[in-house]
Amino acid sequence: MKPLIQAFHDKTTGTVTYVVYEKDGTDCAIIDSVLDYDPKSGRTSTASADLVVDFVRAHRLNTAWLLETHAHADHLSAAPYLSRQLGGRTGIGAEISVVQQAFARVFPQRPGIERSFDHLFQPDEDFAIGALRARALHVPGHTPADMAYQIGDAVFVGDTMFMPDVGTARCDFPGGCAATLYRSVRKLLALPPQTRLFMCHDYPPAGREARWEVTVAEQNEKNIHIRAGVTEQQFVEMRTKRDATLEMPVLILPAIQVNISAGQLPEAEENGVRYLKIPLNAF
């Protein structure tokens with residue numbers, strides 16, 4: 001089955017949110033939503049998420065799932081807001097517990113954080129989006145908890161890889177591993193050549209418009225980091241050297257502490273204000 005897919009590109013963070021469904025009036029899944037956040041003022045807003053809400057309502061869709069491919073370091077999840085507006089169960093890979101534990105030493109964690117998500121997917125777990133059959137594929141390497149979601153002929157790859165002229169995701173976050181990412185990507189690129197792959201981000205080179213859909217065949221032929229013929233040793237050497245030059249993502253400190261709790265913002269303190277914690281000299 002070939003699902004219908006509506007993409008919403010957030011230019012500020014380069015993130016692409018997807019609504020996946022069979023046809024109007026059926027169940028849908030929303031993948032990798034974005035809560036707008038201004039780091040200068042500390043203000044959140046829902047303009048990006050409201051575009052998704054409007055689309056879902058216009059097409060009379062029932063939101064079955066709010067899926068995260070991983071705990072993002074570059075944007076805050078809008079899953080709680082979308083759940084209030086549209087319903088739906090939040091889901092992420094079961095290894096999110098490893099990510100939560102990795103950041104426990106720097107971010108105070110609310111009691112019951114391990115139960116923040118409604119469902120934790122096991123590797124190769126099958127699930128349904130109405131009549132659409134889906135499978136959760138464990139693709140660690142960028143983080144231990146990364147999942148790709150295979151829905152019909154489409155796979156939503158998260159931060160395993162990007163468009164062919166951008167390459168692959170970094171592996172220097174806690175629990176990341178370049179060799180593991182290589183194997184995860186190779187698993188995805190062993191799918192049938194015509195399989196549609198949908199990126200979680202695009203950071204287009206100068207002169208190219210943002211894009212987020214590509215086929216397995218195109219990735220195998222053209223991906224600058226991991227096309228067919230690149231060995232694991234070559235990839236690990238390249239990825240390790242490149243990661244050593246990268247700065248921390250601008251929003252990693254606010255994003256991680258929110259996203260490991262399924263997008264839930266901290267509770268307000270006695271003065272009625274919510275606060276994000278910024279650890280000093282911890283990284």
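Asp32 counts as buried because its relative accessibility is 2%, where buried means under 20% relative accessible area, exposed over 50% and partly exposed in between, with a 1.4 Å probe and protein chains only. The model is predicted, so local features need pLDDT of at least 70 and side-chain atom pairs count only at pLDDT 80 or more, while totals for chains, interfaces and linings use all residues. Residues are numbered from 1 along each chain as its sequence is written, and side-chain values use heavy atoms, with hydrogens and water left out.

**Positive phi in loops**

- Most residues other than glycine have a negative phi.
- Asp32 has a positive phi, near 60 degrees, and sits in the loop between strand 3 (27-31) and strand 4 (36-38).
- Helices (H or I, at least four residues) and strands (E, at least two) are DSSP runs, numbered from the N terminus.
- Arg60 also has a positive phi, near 55 degrees, and is placed in the loop between helix 1 (47-58) and strand 6 (62-67).
- Arg60 counts as exposed because its relative accessibility is 56%.

**Cavities**

- Rolling a probe the size of a water molecule over the atoms shows where empty space is left.
- On a 1 Å grid over the protein atoms alone, a cavity is a set of points where a 1.4 Å probe fits but cannot get out; a pocket is an open set with protein on both sides within 12 Å along at least five of seven lines; lining residues have an atom within 4 Å of a point.
- Grid points are joined across faces, edges and corners, and a volume is the space filled by probe spheres set on the points.
- Two cavities of 30 Å³ or more turn up in a search of the whole structure.
- The largest cavity holds about 80 Å³ of space, and its lining residues include His70, Phe103, His142, Phe173 and Ile256.
- Helix 3 (96-103) and helix 7 (252-259) are the elements that give two or more residues to the lining of the largest cavity.
- The lining of the largest cavity has nine nonpolar, three polar and no charged residues, where Ala, Val, Leu, Ile, Met, Phe, Trp, Tyr, Cys and Pro count as nonpolar, Asp, Glu, Lys and Arg as charged, and the others, Gly among them, as polar.
- The second largest cavity holds about 30 Å³; among the residues lining it are Glu68, His70, Ser77 and Asn259.
- Four nonpolar, five polar and one charged residues make up the lining of the second largest cavity.

**Pockets**

- The largest pocket contains about 610 Å³ of space.
- Of the 25 residues that line the largest pocket, Thr13, Asp74, Arg170, Tyr203 and Pro249 lie nearest its centre.
- The lining of the largest pocket divides into 13 nonpolar, seven polar and five charged residues.
- The second largest pocket has a volume of about 250 Å³, and of its 16 lining residues, Pro108, Gln109, Arg110, Gln257 and Pro266 lie nearest its centre.

- Six strands form an open sheet with mixed pairing, in the order 9-10-11-12-13-14; two strands pair if DSSP finds at least two bridges between them.
- Strand 9 (125-129) and strand 14 (213-215) are the edge strands, each pairing on one side only.
- Strand 9 and strand 10 (residues 132-138) run antiparallel and are joined by five bridges.
- Phe127 stands opposite Ala134 in strand 10.
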